[in-house]
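Hi,

Here is the structure I promised to pass on. Please open it first, then read my notes on the aromatic side chains below.

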Amino acid sequence: MNWQGKKVLVTGAGGFIGSHLTDALVRRGADVRAFVRYGSRGSFGWLEDLDKDVYRGLQVVQGDLRDADSVTRAVKGSEVIFHLGAMIAIPYSYVNPTEAAAVNVTGTLNVLNAARMFGIEKMVHTSTSETYGTAQYVPIDEKHPLQGQSPYSASKIGADKLAEAFHRSFDLPVATIRPFNTYGPRQSARAVIPTVVVQALTGTKTRLGSLTPTRDFTFVEDTARGMICAAETQEAVGTVTNLGNMKEIAVGDLVALIARLVGKPLEIEQQNSRVRPEKSEVERLLADNTRAREVLKWTPQVSLEDGLKTTITWLGEHLSDYRRAQTEYVI
């Protein structure tokens with residue numbers, strides 16, 4: 001696909017992955033409209049952290065995914081949609097499951113309806129490996145059963161099924177991408193890697209919940225590139241594709257790796273209050289990325305160690321932002 005001048009809408013553009021994707025699209029020459037959630041402070045999220053030349057190339061619109069009118073206005077005139085907007089906080093979804101469902105299910109429905117209304121050329125819908133729950137077998141391929149082990153994962157399963165239904169019912173050209181654990185600069189302080197890194201840079205202890213669950217980590221630039229590959233690949237339409245490294249690491253081992261890269265010992269204080277409810281815990285995530293390699297021609301390019309070095313450097317330059325945030329993580 002020639003991105004030069006292509007009219008692209010990115011929902012959730014002000015977020016962690018969305019800001020990296022937006023950056024990559026603008027650098028490819030796309031005409032990007034960035035949809036961000038309206039707030040009284042008028043913040044555009046991490047878009048404000050982009051290079052000035054990239055930022056000036058954006059059209060930023062504010063709204064709410066739950067409001068069909070604002071979504072319709074944002075979609076109008078677009079040719080390609082990358083739908084990343086979502087309520088992503090798993091711990092918060094236990095407290096406010098209604099909001100998780102409203103943003104993730106109804107919000108996605110609004111985007112799908114608008115995409116159908118305007119005859120969008122291609123839509124890439126963002127799922128999550130959380131929809132698989134604890135692995136019943138590994139590596140996890142796209143045929144693995146879906147399990148709603150948290151209100152967040154259940155809401156994302158609902159959104160994924162709506163995307164599938166719109167393709168099957170209305171021939172909407174939508175491709176679903178299912179990233180495993182993405183990390184890198186700009187990630188929320190509630191995620192495990194920034195939590196551990198910030199605590200390592202500012203002290204000698206880290207406070208965590210479970211240490212035994214394993215995760216498959218992908219650097220954010222690799223994830224963004226995989227999404228672009230999905231938009232460029234006709235064979236991705238109507239299907240789900242995992243984005244992951246096909247490598248897993250336990251949380252306890254991840255802490256040890258971060259401590260080594262930071263260059264000082266790190267004591268772990270395990271806090272039972274930070275552990276998920278027993279039946280909600282996702283013990284193991286390990287991606288099978290065969291489909292991404294064969295269909296999208298995508299492979300991750302950044303190793304975990306190299307990605308962590310980049311992330312540690314960036315977090316060290318933005319400690320003031322993260323010290324103000326809550327940095328205790330529920331795995």
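**Aromatic contacts**

Tyr-183, Phe-217 and Phe-219 are joined into a cluster by ring pairs. Keep in mind that this is a predicted model.

Two of them involve Tyr-183.

Take Tyr-183 and Phe-217 to begin with. Their ring centres are 6.1 Å apart. The planes meet at 85°, so this pair is edge-to-face. Where do the two residues sit? Tyr-183 is in strand β7 (residues 181-183), and Phe-217 is in strand β10 (residues 217-219). The pair links distant parts of the chain, 34 residues apart.

Now Tyr-183 and Phe-219. Here the ring centres lie 5.6 Å apart. Phe-219 lies in strand β10 and Tyr-183 in strand β7, so the pair ties together parts that are 36 residues apart in sequence.

Are these residues buried or exposed? Tyr-183 has 1% relative accessibility, so it counts as buried. The cut-off for buried is under 20%. Phe-217 is buried as well. Phe-219 has a relative accessible area of 3%, so it is buried.

The charged end of Arg-116 sits over the ring of Phe-170. Its distance from the ring centre is 3.6 Å.

Best wishes

Terms used: Residues are numbered from 1 along each chain as its sequence is written. This is a predicted model: local features need pLDDT of at least 70, side-chain atom pairs count only at pLDDT 80 or more; totals for chains, interfaces and linings use all residues. Side-chain values use heavy atoms; hydrogens and water are left out. Rings of Phe, Tyr and Trp (its six-membered ring) pair if their centres lie within 6.5 Å; planes under 30 degrees apart count as stacked, over 60 as edge-to-face and the rest as tilted. Helices (H or I, at least four residues) and strands (E, at least two) are DSSP runs, numbered from the N terminus. Buried means under 20% relative accessible area, exposed over 50%, partly exposed in between (1.4 Å probe, protein chains only). A charge sits over a ring if NZ of Lys or CZ of Arg is within 6 Å of the ring centre and within 35 degrees of the ring normal.
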